[in-house]
Amino acid sequence: MPKNSKVTQREHSSEHVTESVADLLALEEPVDYKQSVLNVAGEAGGKQKAAAEEELDAEDRPAWNSKLQYILAQIGFSVGLGNIWRFPYLCQKNGGGAYLVPYLVLLVIIGIPLFFLELAVGQRIRRGSIGVWHYVCPRLGGIGFSSCIVCLFVGLYYNVIIGWSIFYFFKSFQYPLPWSECPVTRNGTVAVVEAECEKSSATTYFWYREALDISNSISESGGLNWKMTLCLLVAWSIVGMAVVKGIQSSGKVMYFSSLFPYVVLACFLVRGLLLRGAVDGILHMFTPKLDKMLDPQVWREAATQVFFALGLGFGGVIAFSSYNKQDNNCHFDAALVSFINFFTSVLATLVVFAVLGFKANIMNEKCVVENAEKILGYLHTNVLSRDLIPPHVNFSHLTAKDYTEMYKVIMAVKEDHFSALGLDPCLLEDELDKSVQGTGLAFIAFTEAMTHFPASPFWSVMFFLMLINLGLGSMIGTMAGITTPIIDTFKVPKEMFTVGCCVFAFFVGLLFVQRSGNYFVTMFDDYSATLPLTVIVILENIAVAWIYGTKRFMQELTEMLGFRPYRFYFYMWKFVSPLCMAVLTTASIIQLGVTPPGYSAWIKEEAAERYLYFPNWAMALLITLIAVATLPIPVVFILRHFHLLSDGSNTLSVSYKKGRMMKDISNLEENDETRFILSKVPSEAPSPMPTHRSYLGPGSTSPLEPGGNPNGRYGSSYLLASTPESEL
């Protein structure tokens, strides 16, 4: 462009100037966009394209008040209930300390690169998940819609767990705790312990009967549980108030919801290490079972945990990073948040197994006492001879070691009839090996351990307040994954849409607070997100690395960050991560086909859990959830491939301010556009503007790469550096 052009003269001016393409190329006076209607094709009465409004929207986009607020938001979203009750379970199940090796390896080659990728595209394009993937590759724009649907599914049941925590939180303000003893009913002068509680335990009974009032199967609805319905209403009210103003309200909440769990975990760790038997639990936890490292199942579960721990594919990561400044170092953010997430998982594991070690010692002592009473009964009835009892054994102060010695002697002598005695070995390792995960860990194992704590109500209040805050941090990110892309794309009123989402989710969530609701929570948790999210993330990776172009993306990251990211990311994005994700997807599909989907049902008459398969109607619902979550991807692809849905590539207008420019295409035919651009100065414009779209999808030349224009460094002669349509 000539040095004396009006565009060059006004490039650094503070005055906001909006001009049509004709004005820019013909060096004419700009048209006042407020007073005139622009029509690039020259037809009178064409619609005015609000390019200036889009510029204003980008400039006025909400931003985090501080870097700390943003980091806390990302931590609050990625660090959730899974760090507390799933990571410790997987660590115990898959080799203890040896499990940390595959987890760390997969965190480096899958977790951090893909987390960095989502942070980068969100910050670069400054849109939610719908706008980001529509921009990167319009034909894969369905990825953003699928992310929103998955967030909706997860939010529906995740807030139910917050509701459970709220119920236990308010029940904790009692001494003794209401789940510390079985309820007793009196029939005249006779006190009778509730049979269901006596067969199981006080904490198990309180969870299944008092809290959930659970039915025997998913087919038995049993009506609404009014206590949990009220708790769900409170949970959605809290979430609604936290997110109604966007990051202006949720950012402030994050200061408490993200930091408070660490205070509680630190307190629990100190208290747990002082408990008798805590060291047994921690040693058992981190004793490596090296043979487990060769099991492919361990690596698959480690990959799944890495995948979900960082919140990949939900859209929350993209939404939060979209409110960042352009020059924010998202590479550092990715490494920092990933490390904090891993540190939190290990910290939670220490706390959990310190407490479970204490609980295992309590339960082992109880086992020793009960079996010692059996042995005394056999001695009194001469079923066993007193000669079998070692002389140093004192039944009034019987230790686990003495009982084990006595047990082995009796088993050796009464080998033929030993099973009839009904004696248990009472080994501490057996108690520690009992795998507890999910709700069983939080609402049964932990609550039982806390009944033995001094000042147990205080610790119970702290524990469930921590769970509420962990859940709230994740729910804020999940809601951002829904509201941010919808608001960005469809320009709906923020407050009205957010409130409407919460009201809608509450009424749909009534499915989870009926007496069979826990079984639906299991279904949604196991199947509604696992496979769809895996598909979403692998398509995100392919869209950036193979369609948009890894070299191109790396070059634009260099422009944005001010330094070139390590080539490590190039190879991870291009080859390693897609391959690992493809293997994970294949393994998930195979597992879904080989293992019939089912759930653990609580049978009241047996006072025990029984694994049941989902009935046909539940299988149909399960398949529908997976299909609905993934359906937008092929639908949008087909519609845009056959040009049945516009990709926003048919308009062209230009607005610039202080040297920043953005472009948008406005009802231009290819021939009209080329003819118009070349009509004034053909010698200066040998390469026409892109005729397909403003999005830099596959096959487009990046404005940051040398183009075909001999008169400028960039192909279109413009330096685009402000808005999503012009920054990449």
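User: Which helix is the place of Asp433?

Analyst: This is a predicted model. In it, Asp433 lies in helix α20.

User: Why is Asp433 called partly exposed?

Analyst: Its relative accessibility is 42%. Buried means under 20%, exposed means over 50%, and partly exposed is in between. The value 42% falls in between, so Asp433 counts as partly exposed.

User: What makes the surface patch with Asp433 negative?

Analyst: Its members are Asp280, Glu429, Asp430 and Asp433. Asp and Glu count as negative, so the patch is negative too.

User: Which helix gives the largest share of the negative patch?

Analyst: Helix α20, residues 428–433, gives the largest share, with 3 residues.

User: How many disulfides does a search of the whole structure find?

Analyst: The search finds 2. In general, a disulfide is a covalent bond between the sulfur atoms of two cysteines.

User: How do you know that Cys182 and Cys197 form a disulfide?

Analyst: Their sulfur atoms are 1.9 Å apart. The cut-off is within 2.5 Å, so the pair counts as a disulfide.

User: Where in the chain are Cys182 and Cys197?

Analyst: They sit in distant parts of the chain, 15 residues apart. Cys182 is in the loop between α9 and β2, and Cys197 is in helix α10.

User: Why is the disulfide of Cys182 and Cys197 called left-handed?

Analyst: The torsion about its S-S bond is about -80°, so the disulfide is left-handed.

User: Are Cys182 and Cys197 buried or partly exposed?

Analyst: Cys182 has a relative accessible area of 23%. Buried needs under 20%, so Cys182 is partly exposed. Cys197 is at 1%, so Cys197 counts as buried.

User: What makes Cys367 and Cys426 a disulfide?

Analyst: Their sulfur atoms are 1.9 Å apart. That is within 2.5 Å, so this pair is a disulfide. The link is left-handed, with -75° about the S-S bond. It joins distant parts of the chain: Cys367 in helix α17 and Cys426 in the loop between α19 and α20, 59 residues apart. Cys367 is buried, and so is Cys426.

User: What is the pairing of the bonded cysteines in sequence order?

Analyst: The pairing is 1-2, 3-4.

User: Why is Cys148 in no disulfide?

Analyst: The nearest cysteine sulfur, that of Cys151, is 6.6 Å away. A disulfide needs sulfur atoms within 2.5 Å, so Cys148 is in none.

User: Why do Cys148 and Cys231 count as buried?

Analyst: Cys148 has 9% relative accessibility. Cys231 is at 9% too. Buried means under 20%, so Cys148 and Cys231 count as buried.

Terms used
Residues numbered from 1 in each chain as written. Predicted model: local features only at pLDDT ≥ 70, side-chain atom pairs only at ≥ 80, totals over all residues. Heavy atoms only, no water. Patch = residues over 30% accessible without salt bridge, like charges linked within 9 Å, V, L, I, M, F, W, Y side chains within 5 Å. Areas by Shrake-Rupley, 256 points an atom, 1.4 Å probe, with all protein chains shown as cover. Salt bridge = Lys/Arg side-chain N within 4 Å of Asp/Glu carboxyl O. Charge placed at Lys NZ, Arg CZ, Asp CG, Glu CD. Helix = DSSP H or I, 4+ residues; strand = E, 2+ residues; numbered from the N terminus. Buried < 20%, exposed > 50% of the residue type's maximum accessible area, 1.4 Å probe, protein only.
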